[in-house]
Amino acid sequence: MGIIISTNSSLDGIVQDPDGQEGTERGGWFGRAGGADLDLFFAALLEEALAAEALLLGRRTDQWFAARWLTRTGPFADRLNGMPKYVVSSTSDEPAWSNATILGDLDQVAKLRESTGDVLVYASYQLTRALLDHGLVDEIRLAVFPIIVGAGTRLFGDTTASRPLQQVSSRTIGTGLTLLTYQVG
């Protein structure tokens with residue numbers, strides 16, 4: 001398939017600080033809006049991770065995830081910790097998370113895209129925009145949470161490229177979450 005952006009978003013497109021651990025004023029919306037649907041959501045997330053071959057992350061997301069996931073256990077944590085990871089960074093030679101390789105530029109990402117199956121991009125919003133700008137995204141999967149956050153970082157922010165999308169699926173999780181999948185044209 002290729003490179004797949006997979007992320008959580010509020011209904012108004014906010015992706016910043018979903019769990020509140022970044023300490024932003026409007027953070028923590030993920031738990032408030034997901035409520036009883038989160039168990040079903042995490043089951044879908046595990047299914048997605050099991051089907052992927054690798055993770056692609058920016059340097060800061062690599063550090064953030066490593067600090068939070070290396071000590072966790074359970075099926076999802078075990079899958080994330082064991083997956084091959086590729087960290088895009090021009091400033092670091094040493095990834096923070098386990099089983100990771102540094103890619104120094106988007107040319108290396110393009111080679112990875114051609115030689116690997118599904119590669120998931122979690123968080124990494126600056127990287128997401130660069131991948132979109134360079135035509136390296138094949139699919140976007142959004143878990144839309146039924147909440148309006150009002151302000152914060154938006155997934156697509158200031159991308160320089162306009163990209164047509166084709167919706168390939170829409171799935172309701174529980175009573176309030178929606179999983180949307182788009183192919184990038």
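The side chains of R141 and E48 meet in a salt bridge, with 3.1 Å from N to O, a salt bridge being a side-chain nitrogen of Lys or Arg within 4 Å of a carboxyl oxygen of Asp or Glu. This pair links distant parts of the chain, since R141 belongs to strand β6 and E48 to helix α2 (residues 38-51), 93 residues apart. Helices (H or I, at least four residues) and strands (E, at least two) are DSSP runs numbered from the N terminus. The model is a predicted one, in which local features need pLDDT of at least 70 and side-chain atom pairs count only at pLDDT 80 or more, whereas totals for chains, interfaces and linings use all residues. Residues are numbered from 1 along each chain as its sequence is written, and side-chain values use heavy atoms, with hydrogens and water left out.

R141 also forms a salt bridge with E139, the closest N and O atoms being 2.6 Å apart. Through shared partners, salt bridges join E48, E139 and R141 into one network. E48 is buried, with a relative accessible area of 11%, and E139 is buried at 5%. R141, at 21% relative accessibility, counts as partly exposed.

Three salt bridges are found in a search of the whole structure. One of the salt bridges pairs R113 with D138, whose closest N and O atoms are 2.7 Å apart. R113 lies in helix α5 and D138 in the loop between α6 and β6, so this pair ties together parts that are 25 residues apart in sequence. D138 is buried, with a relative accessible area of 16%.

The protein contains six helices and eight strands. From the N terminus on, these elements run β-α-α-β-α-α-β-β-α-β-α-β-β-β. An open sheet of eight strands has the order β4-β3-β2-β5-β1-β6-β8-β7, with mixed pairing; two strands pair if DSSP finds at least two bridges between them. The edge strands, each pairing on one side only, are β4 (100-103) and β7 (165-173). Neighbouring strands of the sheet are turned by 25° against each other on average, direction ignored. For such angles, axes are lines fitted to C-alpha atoms, for helices over the stretch in contact, and values run from 0 to 180 degrees between N-to-C directions.

Strand β2 (54-58) is mostly covered, five of its five residues being buried. Both of its faces are covered: A54, L56 and G58 are buried on one side, and L55 and L57 on the other. β2 runs parallel to β3, to which four bridges join it, and L55 stands opposite K85 in β3. β2 and β5 also pair in the parallel sense, over two bridges, with A54 opposite V119 in β5. In contrast, strand β6 (residues 139-145) and strand β8 (residues 177-184) pair in the antiparallel sense over six bridges. I140 stands opposite Y182 in β8.

Helix α3 (residues 59-69) lies across β2 and β3 (85-88), running at about 115° to β2. In helix α6 (residues 125-133), the buried residues are Y125, L127, T128, R129, L131 and L132. Their cover includes β1 (3-10), β2, β3, α5 (106-115), β5 (119-121) and β6. Just after α6, G135 takes a positive phi of about 65°.

With regard to overall dimensions, a compact globule of 185 residues would have a radius of gyration near 16 Å, and the protein, at 16 Å, agrees. The radius of gyration is taken over C-alpha atoms, and the globule rule is 2.2 Å times the number of residues to the power 0.38. Along the principal axes, the C-alpha atoms fill a box of roughly 40 × 40 × 30 Å. Of the 185 residues, 47% count as buried. The accessible surface comes to about 9,100 Å², of which 49% belongs to carbon and sulfur atoms; accessible areas come from the Shrake-Rupley method with a 1.4 Å probe, and for residues only the protein chains shown count as cover. Among contacts (heavy atoms within 4.5 Å) between residues at least 6 apart in sequence, 70% join residues at least 24 apart.

Conventions. Buried < 20%, exposed > 50% of the residue type's maximum accessible area, 1.4 Å probe, protein only.
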